[in-house]
Amino acid sequence: MNASDYRPPRWLRNAHVQSVLGSSALRRRHGERSLAQLNAVSTLHTIDAGDGVRLQGVHTALPGSPSRGLVMLLHGWEGSVDSSYMRLTAAELLREGFEVFRLNFRDHGDTHHLNEGLFHSNRIDEVVRAAGEVSRLYPDRPLAVAGYSLGGNFALRLALRAPTAGVPLVHVAAVCPVLDPARTMDSMEQGLPVYLWYFERKWRGSLARKRALFPQTHAFDDQVLGLRMRPLTQWMVERHTDFGTLERYFDGYSIAGDRLAGLQVPASILMAADDPVIPVDGFHKLKLPADTELEISPWGGHCGFLQSAKLDGFAERWIAGRLSEKLPRVQ
């Protein structure tokens with residue numbers, strides 16, 4: 001299965017239709033139903049991610065079925081383990097014989113209480129340590145990681161660090177990963193206002209929740225919460241990171257240009273040429289190792305890749321199919 005197999009009906013070839021429907025309530029309900037119908041067993045875990053950091057995740061497996069491997073799934077910014085694409089991807093992977101571990105980033109899902117410090121996109125070390133802990137919880141099976149959007153960025157950075165950190169990753173798959181955060185910010189500011197509005201609303205809600213839980217540490221006022229995306233990000237960077245400037249912060253988690261050239265873990269990347277959030281031109285400039293496959297579809301929007309009115313997605317099938325190719329089924 002590759003990007004050339006994705007040919008949505010004409011009414012679904014609009015990038016904004018794809019992107020908006022992809023995160024709609026209808027698709028969330030579709031994700032809930034798809035996972036529930038499998039009668040899989042899910043177990044909630046609180047993971048020790050080192051330095052006092054705790055992250056939460058959900059392990060899901062089909063009882064009585066031999067496992068061909070464990071796939072750790074990483075959601076996008078302000079998503080969670082319960083996002084529609086996370087549940088739908090988990091369902092596809094379970095059907096292919098995999099176990100799944102869906103990890104919440106710090107301050108995502110119902111986890112704001114676990115850590116006092118705020119989430120930011122350079123907190124890669126705790127995700128690497130969490131991956132190592134997950135591999136120890138579920139040993140003796142191949143470990144892969146897959147992620148969407150910012151989760152795809154984290155997945156690829158995890159793969160860069162895995163050999164040194166002793167995380168036994170065998171493959172990484174990323175859908176519409178954030179490459180150059182500065183370009184992504186520009187794209188959202190210059191594009192259709194709905195995307196900036198969506199992420200601003202979600203982030204403000206997350207920050208307000210954090211303030212309510214830790215009022216002494218996070219004593220910012222509502223004026224801060226009213227800032228637009230760029231000044232709010234700059235406020236966060238200056239007060240809650242050591243980067244000092246927005247430029248250094250963005251550069252800290254950029255994977256553009258030749259930054260993925262050193263990947264030692266085989267990788268698969270799926271991108272949509274019409275993504276309205278992440279500019280596709282950066283993908284044409286990537287320097288990638290020989291065992292990294294980049295596929296660019298003409299359609300798909302931002303992490304949409306919807307195939308029909310049923311709101312099934314090609315991306316979750318692509319992840320399951322690609323990992324099935326790379327991790328042979330146990331005989």
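**Buried or partly exposed, and how we can tell**

Modeller: Let's begin with Arg228, which is partly exposed at a relative accessible area of 46%. Keep in mind that this is a predicted model.

Colleague: Why is Arg228 called partly exposed?

Modeller: Buried means under 20% and exposed means over 50%. The value for Arg228 is 46%, so Arg228 falls in between and counts as partly exposed.

Colleague: What makes Glu200 and Arg228 a salt bridge?

Modeller: A side-chain nitrogen of Lys or Arg has to be within 4 Å of a carboxyl oxygen of Asp or Glu. The closest N and O atoms of Glu200 and Arg228 are 2.8 Å apart, so the pair qualifies as a salt bridge. Glu200 lies in helix 7 and Arg228 in the loop between helix 8 and helix 9, so the bridge ties together parts 28 residues apart in sequence.

Colleague: And Glu200 itself, is it buried or exposed?

Modeller: Glu200 has a relative accessibility of 4%. The limit for buried is under 20%, so Glu200 is buried.

Colleague: How do you know that Arg106 and Glu126 form a salt bridge?

Modeller: Their N to O distance is 2.7 Å, and the cut-off is 4 Å, so they pass. The pair links distant parts of the chain, with Arg106 in the loop between strand 4 and helix 4, and Glu126 in helix 4, 20 residues apart. Arg106, at 6% relative accessibility, counts as buried, and so does Glu126, at 5%.

Colleague: How many salt bridges are there in the whole structure?

Modeller: A search finds 24. One of them joins Asp186 and Arg230, whose closest N and O atoms are 2.8 Å apart. Asp186 sits in helix 6 and Arg230 in helix 9, 44 residues apart.

Colleague: Where is the confidence lowest and where is it highest?

Modeller: Helix 2 has the lowest mean, 88, and strand 3 the highest, 98. The chain averages a pLDDT of 94.

Terms used
Residues are numbered from 1 along each chain as its sequence is written. This is a predicted model: local features need pLDDT of at least 70, side-chain atom pairs count only at pLDDT 80 or more; totals for chains, interfaces and linings use all residues. Side-chain values use heavy atoms; hydrogens and water are left out. pLDDT is the predictor's confidence in each residue, from 0 to 100. Helices (H or I, at least four residues) and strands (E, at least two) are DSSP runs, numbered from the N terminus. Buried means under 20% relative accessible area, exposed over 50%, partly exposed in between (1.4 Å probe, protein chains only).
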